[in-house]
Amino acid sequence: MNKTDRMLAIVLELQQRKVVRAEDLASIYETSVRTIYRDIQALSEAGVPVMGAPGQGYSLMEGYFLPPVMFTAEEAVALLIGTDFVEQRFDAGYGLKAQASRKKLESILPEPVRADASRVRKTMRLLTTGNQATSGEEKDYVEMVRRAILEGRKVEFHYVKKMPDSRGDRKSIRSAAPYGLVFLQGSWTLVAWCDLRQGIRHFRLSRMKDLTVLEERFEMPPDFDLADYRPPDDRNLQVRILANPDIADRVKESGNYYMETLEECEDGLLVSLRVRRPEEIIQWVLGWGSNVVVLEPESFRDQIRDEAEKMLKRY
């Protein structure tokens, strides 16, 4: 790193942290403490208001930011989530560039905006992407839920479950304390404390109707962290299928959430999936037609056969 780049990096570091020791700067930029002293002197002579406190370190005069770019919290979050996406989904080289970009962006934000942006980012996670477009209503719901999280308000909505309950009913009215939003498999999912079930549940925004933000408030549990949260894994049914070689690539690229292992063999592609109930993947299996065969469990083979016979009777 040349002197000019190092001096700019020092300013950015000082903007991000209140006080930094010369020894710490020397360690970060792999140079000597004496060189840091010279850099600080050069910055001061150039008009950068660097203040030094004996025994504590260097800091910038309050209110000084470089460059003079002002972002709202929402604008900052949009850019920061973009760097998160690049870091997660691109190669290591771009991942490092994304980290550097995020650090520079955070360093130029005034403290109140940086704090607001940090709060918003902690309520949203981007895990995977999908090809399914997000509807206008779902985007509106994302905004409403995000606001509800920041204001600590509960939400209420009509919900259509993927699978019917023991009574065969798929519809219900829920009130919940929203903890965070996760973008998974092309859809936004709300992680929330459900008043009806008295536990943390997951709700896809695309299955919600008549979402409203309530006046009732809630407090986020102090031990809940969306970044560390892992839902309990209750997928106890193992399913194995064999895909013809001609569609092996497409099966791999489908990225089915329930797939665990893929194994190339002489007859095609062996796919192992783990589900709660066979109904969770029956449409996916049927979608491949005669190009896949269910190997186990036998009960699921029978279920697929029954569905195929029903389809045949309709033609």
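I started at Gln198, which lies in the loop between β6 (187–194) and β7 (199–204). Helices here are DSSP runs of H or I with at least four residues, strands are runs of E with at least two, and both are numbered from the N terminus. The model is predicted: local features need pLDDT of at least 70, side-chain atom pairs count only at pLDDT 80 or more, and totals for chains, interfaces and linings use all residues. Residues are numbered from 1 along each chain as its sequence is written, and side-chain values use heavy atoms, without hydrogens and water.

**Positive phi**

Gln198 is not a glycine, yet its phi is positive, about 55°. I looked up its accessibility: Gln198 is exposed, at a relative accessible area of 54%. Exposed means over 50%, buried under 20%, partly exposed in between (1.4 Å probe, protein chains only).

Next I took Glu30, in the loop between α2 (22–28) and α3. Its phi is also positive, near 50°, and Glu30 is not a glycine. Glu30 counts as exposed at 74% relative accessibility.

**Cis bond**

I found a cis peptide bond between Glu296 and Pro297, with omega about 5°. Pro297 sits in the loop between β12 (292–296) and α10 (298–313).

**Asn256**

Asn256 belongs to the loop between α8 (248–254) and β10 (259–265). With 15% relative accessibility, Asn256 counts as buried. I traced its side chain to the backbone nitrogen of Tyr258, at 2.8 Å. Apart from neighbours within four places in sequence, Asn256 contacts Leu273, Ile281 and Trp284. Contact means heavy atoms within 4.5 Å.

**Ala148**

Ala148 is in helix α7 (residues 136–151). It is buried, with a relative accessible area of 0%. Not counting residues up to four places away in sequence, Ala148 touches Arg153, Val155, Pro178, Val213 and Phe218.

**α1 against α3**

I then checked helix α1 (residues 3–16) and helix α3 (residues 33–45): their axes come within 10 Å and cross at roughly 80°. That makes α1 roughly perpendicular to α3, a term for angles of 65 to 115 degrees. From α1, Lys3, Arg6, Met7, Ile10 and Val11 make the contact; from α3, Thr35, Ile36, Asp39, Ile40, Ala42 and Leu43 do.

**Confidence**

Last, I looked up pLDDT, the predictor's confidence in each residue, from 0 to 100. The chain mean is 85, and 90% of residues reach 70 or more. Over residues 129–133 the pLDDT is below 50, and this stretch has 9 contacts in the model beyond near neighbours in sequence.

Conventions. Axes fitted to C-alpha atoms, helices over the stretch in contact; angles between N-to-C directions. Parallel < 35°, antiparallel > 145°, perpendicular 65-115°, else oblique. Polar contact = N/O pair within 3.5 Å; in protein donor to acceptor, adjacent residues only side chain to side chain.
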